[in-house]
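Open your viewer and keep the selection tool at hand. We will go from stop to stop, and at each one you will hear what to select and what is there.

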Amino acid sequence: MAPVPPGIRLLASFNREQWYRALTFILTFLLYTSFHLSRKPISIVKSELHKNCSSLSESSSVSSGLNPDVLKLRSDCGWKPFDKSNYKQLLGAMDYSFLCAYAVGMYLSGIIGERLPIRLYLTAGMLSSGLFTCLFGLGYIYNIHSLSFYVLVQVANGLVQTTGWPSVVTCIGNWFGKGRRGLIMGLWNSHTSVGNILGSLIAGYYVSSNWGLSFIVPGLIIAAMGLVCYLFLIEPPCFLFYHQSFQPLFFHPVYVQYKDSRKQSYDTELLLPQDSVCLPLQPVVVVKSSAEPSAISFMGALRIPGVIEFSLCLLFAKLVSYTFLFWLPLYITKAANLDAKTAGDLSTLFDVGGIVGGVLAGVISDKLGKRASTCAVMLLLAAPTLYGFSMISGLGLRPIVGMLLLCGALVNGPYALITTAVAADLGTHKSLKGNARALSTVTAIIDGTGSVGAALGPLLAGLLSAGGWNQVFYMLMASDFIALLLLLRLVTKELASCKSHPIFTVELKEH
């Protein structure tokens with residue numbers, strides 16, 4: 001008989017539980033990639049909504065000798081109503097409408113998500129988000145110039161996009177334990193940067209020819225991923241417990257039998273090991289509980305140690321990150337005198353740095369067992385790095401490339417760690433006594449508070465940039481320092497814990 005190929009042996013070495021974990025990891029990664037992919041186009045299209053046409057008008061009038069009325073049509077300063085001198089305020093208000101709706105909706109989303117099936121809740125949100133993203137692009141196709149139309153679409157899109165983060169974090173948090181959570185979630189959280197990169201590339205491809213497609217294509221992608229979510233997403237694994245230790249079964253597969261001897265449902269059988277799998281012998285009786293753990297209240301989630309500090313820290317950290325997300329391409333266009341497509345492609349380097357920073361933050365915090373200290377060091381280094389970036393922006397492409405990578409790592413590192421590993425740690429804190437239903441609410445509180453900063457950052461950038469870009473960078477540096485100050489109590493507690501225990505026994509106890 002011919003030997004079994006090595007690849008088949010490798011595939012057969014993984015049990016069913018490991019395959020479902022891998023599926024959940026990859027699927028939730030792709031789902032939230034599509035969320036960020038659909039948010040990025042607005043920052044790329046800004047430079048097309050308002051063009052610097054004064055120099056173009058002068059050069060064209062000299063070289064072409066065209067009729068002034070015709071020339072006026074050709075050298076239009078952008079898309080009405082963003083073609084006026086107050087375009088920065090209008091673009092900032094449009095960002096603010098999306099992010100403010102997102103921040104308000106996030107607090108409700110976690111509470112609602114705990115009470116509905118995650119798969120259906122997430123699918124509905126993605127389909128709705130695809131609809132509203134496409135509607136923004138249809139404004140170009142149908143020649144819509146009403147500011148209220150674009151603002152309303154942004155508000156609606158901001159509300160439905162809140163279904164995403166609590167849902168995917170709850171799924172990934174329930175499938176993976178605390179052991180290497182920082183590393184796993186650091187890798188997984190790179191979906192944010194991957195989505196931003198893909199969104200920039202897709203939007204940049206169409207921005208100069210038909211900026212409407214910069215929204216329609218990402219909208220169709222997130223809607224298609226919503227259907228994939230409906231078809232394949234597995235929510236939490238079967239929470240079956242040992243009769244003694246009450247540890248989740250999916251970490252230690254054993255034979256099971258219902259106490260009432262009824263046949264298992266088809267869905268349950270799919271997630272349980274097959275009879276042909278060799279399993280350790282251990283007597284287990286699974287009792288189906290008639291009462292599930294009740295969902296945690298909003299105030300109950302706030303009382304978990306560390307939730308308030310990390311939430312407020314994320315407010316300022318996310319303020320910085322989202323200011324870059326929405327304004328970086330326009331800043332590069334103005335500071336380095338580049339066209340919209342080149343500036344959009346260059347801005348993806350910030351997200352590449354963010355991937356590296358998120359993974360490093362996760363690995364370091366896993367190794368040291370100190371989430372707050374890891375965030376504090378990166379925030380301390382981020383502020384002077386931002387100042388350096390503002391100083392070298394006009395010196396050519398090479399300095400910009402290096403500083404964008406460094407800024408992305410230091411700015412997005414703490415943001416990624418808090419929204420993933422820290423949120424999952426707090427959502428499964430020992431004070432909850434095993435109530436896994438708190439994870440969605442805790443995640444929503446942390447990210448919802450951070451989204452308040454995400455709403456304020458682009459708005460303040462639009463207002464301050466009228467007086468010069470230096471004022472924007474001073475605001476960003478001040479935000480990083482405030483975020484650092486908010487973590488000092490937790491950092492002090494971690495350092496004190498390090499002195500009283502050997503480093504290999506330090507565990508995350510308060511956050």
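## Start with confidence

Colour the chain by pLDDT, the predictor's confidence in each residue, from 0 to 100. In the chain, confidence is lowest in helix 5 (residues 68-74), with a mean of 41, and highest in helix 12 (residues 213-232), at 96. Helices here are DSSP runs (H or I, at least four residues), numbered from the N terminus. The mean pLDDT of the chain is 78, and 76% of its residues reach 70 or more.

This is a predicted model, in which local features need pLDDT of at least 70 and side-chain atom pairs count only at pLDDT 80 or more, while totals for chains, interfaces and linings use all residues. Residues are numbered from 1 along each chain as its sequence is written, and side-chain values use heavy atoms, with hydrogens and water left out.

Now select residues 55-75, where pLDDT stays under 50. For this stretch the model has eight contacts (heavy atoms within 4.5 Å) beyond four places in sequence. Residues 239-290 also have pLDDT below 50, and this stretch has 71 contacts in the model beyond near neighbours in sequence. Where pLDDT is low, the predicted coordinates should not be read in detail.

## Into the cores

Next, select F324, F389 and L476. These are the residues with the most contacts inside the largest nonpolar core, which has 80 residues. Such a core is a set of buried Ala, Val, Leu, Ile, Met, Phe, Trp, Tyr and Cys residues joined through side-chain atoms within 4.5 Å. Buried means under 20% relative accessible area, exposed over 50%, and partly exposed in between (1.4 Å probe, protein chains only). Helix 15 (residues 307-336) gives the most to this core, with 15 residues.

Stay on F324 and show its neighbours: not counting residues up to four places away in sequence, F324 touches P329, F350, L386, F389, F473 and L476.

Go to F215 in helix 12. Which residue is 78 residues from F215 in sequence, yet 4.9 Å away in space, C-alpha to C-alpha? That residue is G137. Beyond four places in sequence, F215 touches P41, I42, V45, T133, C134, F136 and G137. F215 counts as buried because its relative accessible area is 4%.

Move on to N157, in helix 8 (residues 147-160). Is N157 buried or exposed? N157 is buried, with a relative accessible area of 4%. Its side chain makes a polar contact with the side chain of S129 (3.0 Å). A polar contact is a pair of N or O atoms within 3.5 Å; within protein, one must be able to donate a hydrogen and the other to accept it, and residues adjacent in sequence count only if both atoms are side-chain atoms.

Then pick S190, in the loop between helix 10 (181-188) and helix 11 (191-206). S190 is buried too, at 11% relative accessible area, and its side chain reaches the backbone oxygen of L187 at 2.5 Å. Not counting residues up to four places away in sequence, S190 touches F29 and I355.

## Two backbone stops

Select K80 and P81, which are joined by a cis peptide bond with omega about 5°. P81 sits in the loop between helix 5 and helix 6 (87-113).

Finish at N143, in the loop between helix 7 (118-141) and helix 8. N143 is not a glycine, although it has a positive phi of about 55°. Most residues other than glycine have a negative phi, and most peptide bonds are trans.

How values were computed:
Helices (H or I, at least four residues) and strands (E, at least two) are DSSP runs, numbered from the N terminus.
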